[in-house]
Every structure is written in C-alpha cells, then in structure tokens.
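Reader: Hi! Could you walk me through this model?
Author: Happy to, here it is.

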Amino acid sequence: MKSLLFAAAALAAAIGSAAAAGAQASPLAGVDPTGAQVTFWYQHSGDRDTAMRQMLADFNRSNPWKITVHGEYAGPYDQIYNKMVAAIAAGNPPELVVAYQNQSATYAVNRAIVDLDPYVHDPTWGVQKDLGDFFAGFIHQDYTAQFGGMRLGFPPNRSVEVLYDNVSMLRDAGIASPPRTWNEFFRDCQAVTSVAKGTYGYALDNLDASHVFAMVISRGGTFTTADGTGYKLDTPQMKDAMTFMRGLVQSGAARKIAKKYDDQADFGNGLAAFTLSSTSGLPYYDSAVKAGKNGVFDWSIAPVPQAAAGRTPALDLYGASVSVPKSTPQKQLAAWLFIRWFSEARQQAAWTHESLYFPVRRSAEPLIADILKSDTRFATAWELLKTADLKGEPPFAGYDLVRDAITAAYSKVLDGADVDATLADLQAQADKIFKDSAP
C-alpha cells in the first residue's frame with residue numbers, strides 16, 4: 001500500500017498559523033516523558049526488522065528521558081490497519097503505529113490519533129527550526145484538508161514511483177535510452193515484443209491503484225478536487241491513461257499480471273522490458289534479476305514517462321508515516337520524541353543504509369555518500385527525487401475503498417468496458433465513499 005500534497009501557499013499559511021499558536025501556548029507545557037513505555041507497531045520484516053530493532057535499542061539506551069520503545073512486527077500494512085481498527089474499538093492501541101495517510105485518517109475519524117502539528121512546532125520539543133532541512137513534499141504529505149489541516153503523522157522515510165527498464169533488451173532492439181513520453185513508451189514496448197522469444201514490453205499490474213495515479217499525474221491530472229476536499233476521477237487524464245493501456249494490452253505489447261509480484265518476476269526473468277514500481281523495491285529487483293532464469297542483464301530506473309518531452313517529471317510520492325494514537329500526555333510525548341530522534345540525519349542515514357529508503361532530510365546526503373557512489377540506480381533515484389514534481393495520493397479516510405474501486409474500473413476498461421460509463425460509475429462510488437467516511 002502505499003498517499004495529496006496541497007498548495008504551497010496554503011501549507012505555508014497553515015504552518016505559520018500553527019507556529020504562532022505554538023508560540024502563544026504549548027499544549028505540552030509541564031508534560032514529563034521520563035520513564036514512559038511505548039509500543040511501536042511496524043511492517044518491517046526480515047533484515048529490516050533486525051535493523052529496526054537495533055535502532056530501537058540505540059534509542060532506548062541513549063535517550064536522556066529513559067523512554068523505552070518496544071518494537072513489534074505487526075504484519076504488512078493491511079494487517080496492521082485491521083489490527084488497529086480492532087485495537088481502537090477495544091481501547092488498547094499501541095502508542096506508535098506505521099500508517100498510510102488514508103489509514104491514519106480513518107483513525108482520526110474515530111478521534112483515536114494525535115494531531116502532531118503542535119508537537120512539530122513546540123518550542124521545547126519540536127523541529128520547527130529544522131523544517132527547512134526536510135524535503136517539502138515529505139513534510140507536507142501528512143496534512144489533510146479533510147480534518148482542517150491536521151497532521152496525521154510524520155515521515156520516517158520515503159520512496160517514489162519509477163520506471164524499471166531492461167537496458168539489455170532495449171539495446172538489442174536498437175533503443176538507446178528509456179522512453180521519456182508515453183508515445184515513446186508505446187513504441188518501445190512494441191519494439192521489444194517477440195512471440196518467438198517470449199518477451200514483451202510492459203508487465204501491467206492492474207491490481208495497484210498507485211500505478212494508475214502515477215499515469216494520471218504524469219499527464220497533468222490528479223485524483224482530487226482543486227481544494228483537496230473530495231475526489232475527481234472522471235477526468236480526461238484518467239480516461240487517456242486507461243484507454244492508452246487498453247490499447248497497449250490489445251496490441252500484445254503489455255500483459256496483465258494476475259498475481260502480486262509477478263511483474264517483478266517477469267522483469268527479473270528477462271521477459272518484460274518495463275515495470276512500474278517504488279524505489280523501495282530496488283533491493284528486491286536486484287535479487288530478482290540475479291536469480292532470473294535467463295541470466296543477469298543490465299537494468300536501470302528512469303522517470304515514469306510523461307505527457308510531453310522536457311516536462312518536469314511528476315512522480316507518485318510513496319510512504320507510510322508514523323502516527324501517534326491517543327494515550328496519555330506522557331506517552332504521546334515519548335512517542336513523538338522517538339519520531340523526532342528517528343528523523344535526525346544520523347539515524348536517517350543509518351536507516352537508508354539498511355533499507356534503501358530515501359532519508360527525509362537533505363542533511364543526510366553526506367552521510368550516504370558511499371551509497372550514492374556505489375549504487376548508480378539509487379543515485380539516479382536520489383537526483384530524480386530532488387528535481388521531480390512530487391505528488392502524494394489522497395490522504396482521505398476511505399481511500400482504501402476508493403483504491404479498490406479504481407483497480408476494478410481499470411480492469412474493466414482493460415477488458416473492453418466503455419471508458420466514459422466506467423469512470424462515471426467510479427466517480428459516483430468515490431463520492432459516496434467520501435461522504436460515508438467523513439469525520
């Protein structure tokens with residue numbers, strides 16, 4: 001799973017108002033976090049779980065308030081969400097939880113999480129003086145107009161949607177560089193498709209609405225109304241994206257993927273020239289290529305194709321944040337202090353070394369210089385991150401249901417359904433979900 005950035009002026013105004021309010025009276029005045037015990041539910045497994053537990057141990061050992069954070073792998077994102085809904089109903093949620101913005105918005109509907117803006121701007125406990133060090137798209141992604149500008153969480157790391165391309169396959173077809181536009185993408189997919197070799201252009205995962213979002217924003221569209229207070233899905237950009245992909249499938253140059261991660265498998269096996277995926281998947285793609293049935297090949301990442309050449313790439317900004325469920329003032333502050341510690345450049349660099357997620361602070365760059373030097377794909381993604389137009393998915397309660405509706409509509413169009421009628425129905429579904437999920 002995987003989250004809409006609002007106008008910069010509005011955000012700046014919101015930040016300024018929050019800062020002014022914080023200067024007048026801090027809601028954290030007099031709160032003492034000393035000795036607090038905090039439980040953290042996260043999604044990291046395997047090596048990332050091991051690394052996270054080591055970082056928790058570092059925090060527990062070094063923080064001056066003797067706060068103890070107990071980490072717990074609570075399953076993938078959807079399982080954590082279901083567990084949180086049950087825990088909120090039972091009155092026993094953890095003090096820290098990883099959550100996509102739409103998930104934390106659902107918790108906010110139930111008045112079960114803390115608005116972190118006062119913590120961010122608190123003169124004693126906040127990070128207000130460091131806000132300029134954070135990537136703007138990252139630090140603003142957790143604001144939502146659905147709750148009057150509430151900050152639903154805080155980013156521990158981020159990634160972006162990119163195009164993975166089989167350089168060797170493209171080279172064999174006489175193609176020197178990844179496609180910059182969707183028209184070039186269509187041409188290149190057809191050029192590498194061979195029935196005899198079993199190769200094709202694009203491994204199309206129609207089960208992930210984030211891919212649809214990536215295609216829509218690359219055409220200048222979005223999923224929300226201009227004021228960020230509702231959905232707008234029956235747009236020319238959505239119609240064009242779905243119609244384009246249907247044509248690619250009908251031409252035989254793209255194949256629908258029936259099972260999660262089969263797109264990655266086809267890429268790793270040298271069958272598909274292109275996939276769309278998050279930069280957080282770089283280690284997994286590397287493993288897939290090395291284990292591929294047809295031998296290792298050259299591969300790279302590039303911006304998602306855009307509507308026109310020369311356009312600043314608009315990319316889907318991925319990333320769950322860390323939210324603080326309501327508990328006691330002491331535990332809430334303790335939870336925030338761990339988040340603040342984790343967001344510092346030293347810890348961000350350490351986490352990037354373990355996970356290859358992007359750090360959220362610019363000042364972490366010198367501390368990951370070794371990765372940027374040794375991993376050309378990560379370095380490409382890092383430079384892209386600093387220049388792209390980053391856009392997040394809607395941070396609305398109920399967006400998980402809308403995502404399901406989007407993937408269903410996408411599949412119908414790919415199978416030949418009327419685009420206008422399908423999108424009109426999708427819009428009606430989204431409007432109802434937004435209304436039913438409102439705070």
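Author: Two strands pair if DSSP finds at least two bridges between them, and strands (E, at least two residues) and helices (H or I, at least four) are DSSP runs numbered from the N terminus. This is a predicted model, where local features need pLDDT of at least 70, side-chain atom pairs count only at pLDDT 80 or more, and totals for chains, interfaces and linings use all residues. Residues are numbered from 1 along each chain as its sequence is written, and side-chain values use heavy atoms, leaving out hydrogens and water.

Reader: Thanks! In what order do the four strands of the open sheet come?
Author: The order is β2-β1-β3-β12, with mixed pairing. β2 (68-73) and β12 (321-323) are the edge strands, each pairing on one side only.

Reader: And how much are neighbouring strands turned against each other?
Author: On average by 25°, direction ignored. Axes are lines fitted to C-alpha atoms, for helices over the stretch in contact, and angles run from 0 to 180 degrees between N-to-C directions.

Reader: Are β1 and β2 parallel or antiparallel?
Author: The two strands run parallel, and six bridges join β1 to β2. For instance, W41 has E72 in β2 as its bridge partner.

Reader: Nice. Which helix packs on the sheet there, touching β1 and β2?
Author: That is α2 (residues 46-62), whose direction makes about 170° with that of β2. Contact here means heavy atoms within 4.5 Å.

Reader: What about α4, which strands does that helix lie across?
Author: α4 (residues 101-109) lies across β3 (96-99) and β12, and runs at about 130° to β3.

Reader: Switching topic: how many aromatic pairs does the structure hold?
Author: There are 34. Rings of Phe, Tyr and Trp (its six-membered ring) pair if their centres lie within 6.5 Å; planes under 30 degrees apart are stacked, over 60 edge-to-face, the rest tilted.

Reader: What's the geometry for Y164 and F267?
Author: They are edge-to-face, with 6.4 Å centre to centre and 80° between the planes.

Reader: And where do Y164 and F267 sit in the chain?
Author: Y164 is in strand β6 (residues 159-166) and F267 in helix α11 (residues 262-268). The two are 103 residues apart, and their pair links distant parts of the chain.
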